[in-house]
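Here are my notes on this model. Please read them with the structure open.

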Amino acid sequence: FYPNIMTFYKYFHYVLLLWGVCIVLYNYRFFIDFFTDRLLKYSLLICVPMFFTLIYNINIITGESIKTVLLSIFVFFLFFPAFKLLNRKYSSVEILKYILYPVILFKGIISSVSLYMYLKNISLFIIGENDKLYYAGLRYVQIQDNKFTLLLYGIYNDPNYGAVYSATIIVITILLLYFNLIKTNLVKLLVVLFIILEFVVMSLQNSRGIELAIYVTGIIFLVYNITKYIQKKIDKRVVINRVFNIALVFILLFFGGKLIKFVGFEILSNTNNTRLLVMQNERGIEKIIQISDDSEEDFSKYLGKDNLLGEEEKNIENISLEKADSSKEYGNGRVTIWKDAFKLSTKSILFGIGPDMQKEFSKKYTELDVPTMKIGRSLHNSYIHLYLSFGLFGFVIIMYIFMSIFKKSIEFEYKNDSLVIQILLFALGILFISSIFLESIFININYQQMYMYFLLGVICSKIRKKS
């Protein structure tokens, strides 16, 4: 939320993109061989519907939407083959360590700062461009029955994305420990502390979507392993061990999460809520103002009702530690957004409207009652986002490719009983199911998309090597 940092990040982002282009050009023969492989060449079809959409909407498509399409193709082209490219020089363990250790360091710092803001009961309200309100630190969100729930934003602008980051990194970090790939005791200790820190922060972020994704993925893998045992693909000892591990995950997530929320609230309830209003301009932070109960009316034009709570309202009787809807509609307005998206999609069913074009596209059809599209609301669903952006043509082709890769992966694991691939598929399962509530994995260039393509590349490389 700090403008100077975002400016630095933007240019650093361009440097990384240029570095990615250099990698592709330097290793162009490898990329040609990779994508002409008999098993992988069909993955290039992902790009076809994206170009069809650009051509079909050429008269209305914006430069930002074109950039999003090109970046989506670029991240696929670079990260899907990344593991196999690195594997030519480094072992699988070395690759995981070289990637994870820096991630653990920086993510650990971010999570520590976020946890500090929670325990110190610090809420930041950042007034950005056009007086748009952003949150950081701890947010008190009004839910039904005049109660409030706590969401840890930390230094992310969305706790749901933050929870996805934590959950997906935890799974891969556990893989390192489970297979004893870390030999130094000190490093093992630090990794274990990191996992605990991430689990604590994830619990305080209070994301129902990520919790549901873990439960559903766990149940799927529970049924899958029991089925393998019934069909005599694994023995009794193996299935008992895997059922126990999945049950342990459920127990820790349910009871551990509740305990963390309770203890966290007990600690912060002894501290007055510090509310800071951060005013920005194009050059950076203009001023930071502490909001008191006496002065809150002065800032009412910036802040909603639930952000103007006095200390007497923030007592334990008014706080619900469990996440609940802040409106009568399930999903906090997501259902309305999805309905509006489908209404808008009827105007371009086959080829879609292009990424993030709902605001511009809905201007052409003033007769449509799609208020959430006309103000450019986020779709909060990766699959609806994919369908609205690239139409039925793009949705069917892209989903078919992903389902084909998953089908081959499951068939390979079923035949060879590879626990490594099971864990990787578990991590991807969490990502795919949580994306029912987030638009993150198919379009644009971000962590979730890179994570997905990289892990799919790992699985495909292992299958190809075995074949």
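Is Ile441 buried or exposed?

1. Ile441 counts as buried, because its relative accessibility is 0% and the cut-off for buried is under 20%. The residue sits in the loop between helix H15 (419-434) and helix H16 (447-466). Its contacts, leaving out residues up to four places away in sequence, are Ser382, Tyr383, Leu431, Phe432, Ser435, Gln448, Gln449 and Met452. One of these is Leu431, 10 residues away in sequence, with a C-alpha to C-alpha distance of 8.1 Å.

2. Some context for the whole chain. This is a predicted model. The protein chain has 16 helices and 6 strands. It has 467 residues, of which 51% count as buried. Take the contacts between residues at least 6 apart in sequence: 72% of them join residues at least 24 apart. The accessible surface is about 23800 Å², and carbon and sulfur atoms account for 64% of that.

3. Next, the salt bridges. The structure contains 9. In one of them, the side chains of Glu198 and Lys107 meet at 2.6 Å, N to O. Glu198 belongs to helix H8 and Lys107 to helix H6 (residues 92-119), so this pair ties together parts 91 residues apart in sequence. Glu198 is buried, at 0% relative accessibility. Lys107 is buried too, at 6%.

4. Which residues are linked in a network of salt bridges? They are Lys228, Arg242, Glu413 and Asp417. Glu413 pairs with Lys228, with 3.1 Å between the closest N and O atoms. This pair links distant parts of the chain: Glu413 is in helix H14 (residues 382-416) and Lys228 in helix H9, 185 residues apart. Glu413 is buried at 1% relative accessible area, and Lys228 is buried at 0%.

5. The network also includes the bridge between Arg242 and Asp417. Their side chains meet at 2.9 Å, N to O. Here too distant parts are linked: Arg242 lies in helix H10 (residues 236-268), Asp417 in the loop between H14 and H15, 175 residues apart. Arg242 is buried, with a relative accessible area of 9%, whereas Asp417 is partly exposed at 27%.

6. On to the rings. The count of aromatic pairs is 36. Tyr135 is buried at 16% relative accessibility, and Tyr153 is buried at 7%. Arg139 lies over the face of Tyr135, 3.8 Å from the ring centre.

7. A second aromatic pair, Phe221 with Tyr224, is edge-to-face, at 6.4 Å centre to centre and 70° between the planes. Both residues are in helix H9 (residues 208-230), 3 residues apart, about one turn of the helix.

8. Last, the surface. Leu186, Leu189, Leu190, Val192, Leu193 and Ile196 make up a nonpolar patch there. Together they have about 550 Å² of accessible area. Leu193 is in helix H8 (residues 185-205). Its relative accessible area is 46%, so Leu193 counts as partly exposed.

How values were computed. Residues numbered from 1 in each chain as written. Predicted model: local features only at pLDDT ≥ 70, side-chain atom pairs only at ≥ 80, totals over all residues. Heavy atoms only, no water. Phe/Tyr/Trp six-rings, centres within 6.5 Å; stacked < 30°, edge-to-face > 60°. Buried < 20%, exposed > 50% of the residue type's maximum accessible area, 1.4 Å probe, protein only. Helix = DSSP H or I, 4+ residues; strand = E, 2+ residues; numbered from the N terminus. Lys NZ or Arg CZ within 6 Å of the ring centre and 35° of its normal. Contact = heavy atoms within 4.5 Å. Patch = residues over 30% accessible without salt bridge, like charges linked within 9 Å, V, L, I, M, F, W, Y side chains within 5 Å. Areas by Shrake-Rupley, 256 points an atom, 1.4 Å probe, with all protein chains shown as cover. Salt bridge = Lys/Arg side-chain N within 4 Å of Asp/Glu carboxyl O.
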